[in-house]
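Please keep the sequence and the structure in view while reading.

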Amino acid sequence: MERTKKSFILYLTIAGVAALVISWWLIFFARQGEVLIERLGASGVNLSLEEMDAVRDATHESLRMFAFEGGFLALLTVGGLLLLIRAQRREVEMHRRQRDFLSGVTHELRSPIASARLQVESLRMGRVPKDKQERYLVRTLADLDRLSRTVDQLLKAARASSGRVQLSLQP
């Protein structure tokens, strides 16, 4: 769980840095045409209006291309983030189900064990009158049968979830 949270924070950080880089490049490209014209003018090259417009058009074309690619990258990043959130929710739900399952199984296994142990110890210590000993033994066997059925059900569930059992469903 902690690893998933760290992965999520790392992915979110990377997405934020990517968004900042894309924003910076968009601002950079938006100014490139004017910067080129200024540098050419400073170096002594005089451009006609048509040439300046051509430089501006070329830089705007690069800006449009980069904006499209950056937008596509942003969509991929957001999509990946949504998939990561979805996977994290599934993992949290799976851990909750596992915890609940183990809690239930523990209870189902401990109850007959505790009951059988108490009855056997009472019989062993001679605390049970002769007329009730048979009833204690019957209860102990019933608890052991219950325990056995629970373990069998767990084994069947384990086989079914591992794919080793093939079901033949019929109406």
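Accessible areas come from the Shrake-Rupley method with a 1.4 Å probe, and for residues only the protein chains shown count as cover. On that basis the protein exposes about 13,700 Å², of which carbon and sulfur atoms supply 62%. The model is predicted, so local features need pLDDT of at least 70 and side-chain atom pairs count only at pLDDT 80 or more, while totals for chains, interfaces and linings use all residues. Residues are numbered from 1 along each chain as its sequence is written, and side-chain values use heavy atoms, with hydrogens and water left out.

**Overall form**

- The protein has three helices and zero strands; helices (H or I, at least four residues) and strands (E, at least two) are DSSP runs, numbered from the N terminus.
- Read from the N terminus, the order of elements is α-α-α.
- The radius of gyration, taken over C-alpha atoms, is compared with a globule rule of 2.2 Å times the number of residues to the power 0.38.
- The protein has a radius of gyration of 36 Å, whereas a compact globule of 171 residues would have one near 16 Å.
- The C-alpha trace spans about 120 × 45 × 20 Å along its principal axes.

**Burial, contacts and charge**

- A residue is buried under 20% relative accessible area, exposed over 50%, and partly exposed in between (1.4 Å probe, protein chains only).
- Of the 171 residues in the protein, 16% are buried.
- Contact means heavy atoms within 4.5 Å; among contacts with a separation of 6 or more, 71% join residues 24 or more positions apart.
- Lys and Arg count as positive and Asp and Glu as negative, while His and the chain ends are not counted.
- The place of a charge is taken as NZ of Lys, CZ of Arg, CG of Asp or CD of Glu.
- The protein carries 26 positive and 19 negative side chains, and the centres of the two sets lie 17 Å apart.

**Helix α2**

- The expected span of a helix is 1.5 Å times one less than its number of residues.
- Helix α2 has 76 residues and reaches 110 Å from its first C-alpha to its last, close to the expected 112 Å.
- Thr77 is found in α2 and counts as buried because its relative accessible area is 18%.
- Beyond residues up to four places away in sequence, Thr77 touches Tyr11 and Ala15.
- Glu69 also lies in α2 and is partly exposed, because its relative accessibility is 43%.
- Glu69 and Leu20 are 49 residues apart in sequence, with 14 Å between their C-alpha atoms.
- Leu49, another residue of α2, is exposed because its relative accessible area is 63%.
- Leu49 and Ala157 are 108 residues apart along the chain, and their C-alpha atoms are separated by 80 Å.
- Just after α2, Gly126 takes a positive phi of about 75°.

**Helix α3**

- Helix α3 (residues 130-162) has 33 residues and reaches 49 Å from its first C-alpha to its last, close to the expected 48 Å.
- Thr140, Asp143, Leu147 and Thr150 are buried in α3.
- An α-helix has 3.6 residues a turn, so residues three or four places apart point the same way.
- The cover over the buried residues of α3 includes α2 (49-124).
- Gly163 follows α3 and has a positive phi, near 85°.
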